[in-house]
Amino acid sequence: MVSIIVTHKRSMHYLKDCLDSIADQTFKDYETILVLDHTEDDMADIEKEYKDKINLKIYELPEDKTGVAAARNYGVDKACGEYIFFLDNDDYLYNDTIKQLLDKMDDETDMSYGLIHHTWFMRSAYNDEQQGEDTEDNEEDIRLIEYDFSDPFDFLYNRFMKLKKVTVLGAVYRKSMIDKYNIRFNEDNEHYPDAAYLITVLKKARKITSDIEARYVKRHHNDLYGNPALTQLSKEVTMPSYLKMYDDCIKVSEGDEKFIKKTELMLCKFITLVYIKKIRYMKDERWANEWFDEIYKRVKDVHLKWHKKDFKMDEKAMLKAFMEGDFNKMQKKSVRVLFRRKVKRIIINSRARNKAITLHIFSKLSLKENWIVFESFYGRNCSGQPKYIYQYLQENYPGKFKCIWVVDRRGIVINGKYKRIKRMSLRYFYYMNRSKYWVNNMRQPMVIPRRPETKLVATWHGTPLKRLVFDMDDVHAFNPRYKNIVYRQTRQWDYMLSDNPYSTEKFQSCFRLERSQILESGYPANDPFYAEDRDERAKKIKKKLGIPEDKKVIFYAPTWRDDQFYDEGEYKYEQGIDIKKLQENFSDEYVLLMRLHYFIVDQLDLKQYGDFTVDGSRYDDITDLYLISDILVTDYSSVFFDFANLRRPMLFYTYDYDKYKDVLHGFYFDMNKELPGPLLMTMDELVDALKNIDKITEQYKDKYDEFYDKFCCIDDGHAAERVVKTVFFND
């Protein structure tokens, strides 16, 4: 029997995934020992659901003990199995993991390990394409590590550059070995007890085997500020544990040169990669005092001659100064190291080069009080709220402000007097640094140095239906640090525009903003819906797109799916609509206008459908497309909140509703109850709804009125005016 030991303190939604993965194991001869580390979670439902399903036994740590080390030790003491398997409550297993590891255990084998994959996805959204090494930490390393999976020392210890990455997870241990040598986690080490435990096992085990197909999934937390994992806590919090971890590793190495050599190397890497930055940007004096002394006590005994090939000349000089206990000398040497690295980055990275020029030159120049930088959708076009704020300024305050537009694509027409710059160019850094105002409908890159006097107007681009950022338990986009990045960026927002009281409430929650930061003004991009010339404008837009006047327009605008991507910020499009079927039924009366989300990089190929389809994905301004559309077909995109201002029919083609609701995002409200149109799950339902659009319009009339009153209650054609007077004239 295998005793699977799980420790739990918080994050119940992680725990259920973990326990479900145990229940799905093909090997069934196990007990699950759940050790509660003084949790505030109610475990009654967990016990009821899993007691028989996974042979669950729940224990609570004694009052005088706390931490993952104590919880694991307690679990081992309670274990009845021949083998031990440690599983963190935020991780999960492949279905055959334990069986595959046990198949490698014979009478002489004391440990069998597999491969650890890293993800930030919940179990239901995880797939083999996401597997890989740990990419959560992006601290600079200066060499690639090659390792032999079949060599326990090389794969489990030697390949790491950080002690905190060494783990006991993903392996089966023979309990008799643990008992014989009394192998225990150091309960005084609150955060990092794994490395010393593993060294002891590697030294004591008679035989160690491996199976590269046995997979353990290490799930990273994507909320560094609200729910960090142990490895994500700040260095200031974990420094005492780090020092204990190093001491424990040296102690249990017991004269084994290969372990001592590697452990020393990781300490030296900590100094040259982590400590060096802490003393450069020192916000905590302990790095220069208490922790310098503590590290000195350890590094002075390091055999630096063992590590000559592992460091550059200036790094070795810095380490020698550290080993002498001379902080001032060490700090001077560290400046040279950082300078060399910075010069290297500046040479090979244009953004780093532009940032350096900005900090040392542009930031010395005066701030221009009447300069405004406008940017829409990462410089892809001139559209959205920034466009209509700009137009209002041009029409009502000509010459008062110098307007700078960030536009990357050629051929973009912008009316009025303005300066055009390319995103991330040197001119971009220049104008961003000198302009008093930034008007942006996306998140601003942190690489741009921002002066304290600068005012950032985050106009956003829609009313939220799907849960955003901190209202999501998990993020399934490419970047696992998404929440952390958003948190840092949104701390710079001085204003955020809201279209209605509902959005104001959600923005406070999902972006963790104060109410005072949110300007409940309506959306400037919706002003044209209330303009007297909107019908004339619509005729011109139709003509521009080549749509016959006698044809009505079905506008299909789907959102992006978080789990369908090529790379960070590059989402693919997997078509869920049958265009051929729509063409067969509606080509006599309608044209199908299609627009993909701005995140999607795939290009639509609509040639086979002739003049039935029009690709609106590269059309700059979606407001224009709303104006010419008779029916909107969408899914979970926020476009329908804006389109509702026109009071025209809307249909919701939600063929993957359950997955989007339960896995990818989740919604702020029940779509079945709130939306002013039906949820359609199949193409047949969509075709039928389009054929009976007048009947559906009448059926949803009352619900449409309620929806309009709730979400379009502020838009009246004067949103841009309200924003301009508040932001630029302090009205």
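How many aromatic pairs does the structure hold? The structure, a predicted model, holds 54 aromatic pairs.

**Exercise 1. Classify the ring pair of Trp 371 and Tyr 431, and state where its two members lie.**

Solution. 
1. A pair of aromatic rings is described by the distance of the centres and the angle of the planes.
2. For Trp 371 and Tyr 431 the ring centres are 5.4 Å apart and the planes stand at 40°.
3. Planes under 30 degrees apart count as stacked and those over 60 as edge-to-face, so the rest are tilted; the pair of Trp 371 and Tyr 431 is therefore tilted.
4. Trp 371 belongs to strand 9 (residues 368-375) and Tyr 431 to helix 15, so that the pair links distant parts of the chain, 60 residues apart.
5. Trp 371 has a relative accessible area of 9% and Tyr 431 one of 8%. Because buried means under 20%, Trp 371 is buried, and Tyr 431 is buried.

**Exercise 2. Describe the packing of helix 13 against helix 15.**

Solution. 
1. Two packed helices are described by the angle between their axes and the distance between the axes.
2. The axes of helix 13 (residues 350-360) and helix 15 (residues 426-434) cross at roughly 35° and come within 9 Å.
3. The crossing of helix 13 with helix 15 is right-handed.
4. Helix 13 contributes Arg 351, Asn 354, Lys 355, Ile 357 and Thr 358 to the contact, and helix 15 contributes Leu 426, Phe 429 and Asn 433.
5. By class, the residues of this contact comprise three nonpolar, three polar and two charged.

**Exercise 3. Determine whether Thr 209 is buried or exposed, and identify its contacts.**

Solution. 
1. Thr 209 lies in strand 8 (residues 208-219).
2. Its relative accessibility is 14%, so Thr 209 counts as buried.
3. Leaving aside residues up to four places away in sequence, Thr 209 touches Lys 104, Thr 109, Met 111, Ser 112 and Tyr 113.
4. The side chains of Thr 209 and Ser 112 are joined by a polar contact of 3.4 Å.

Note on methods. Residues numbered from 1 in each chain as written. Predicted model: local features only at pLDDT ≥ 70, side-chain atom pairs only at ≥ 80, totals over all residues. Heavy atoms only, no water. Helix = DSSP H or I, 4+ residues; strand = E, 2+ residues; numbered from the N terminus. Buried < 20%, exposed > 50% of the residue type's maximum accessible area, 1.4 Å probe, protein only. Polar contact = N/O pair within 3.5 Å; in protein donor to acceptor, adjacent residues only side chain to side chain. Contact = heavy atoms within 4.5 Å. Axes fitted to C-alpha atoms, helices over the stretch in contact; angles between N-to-C directions. Left-handed = near helix turned anticlockwise from the far one by under 90°. Nonpolar A, V, L, I, M, F, W, Y, C, P; charged D, E, K, R; others polar. Phe/Tyr/Trp six-rings, centres within 6.5 Å; stacked < 30°, edge-to-face > 60°.
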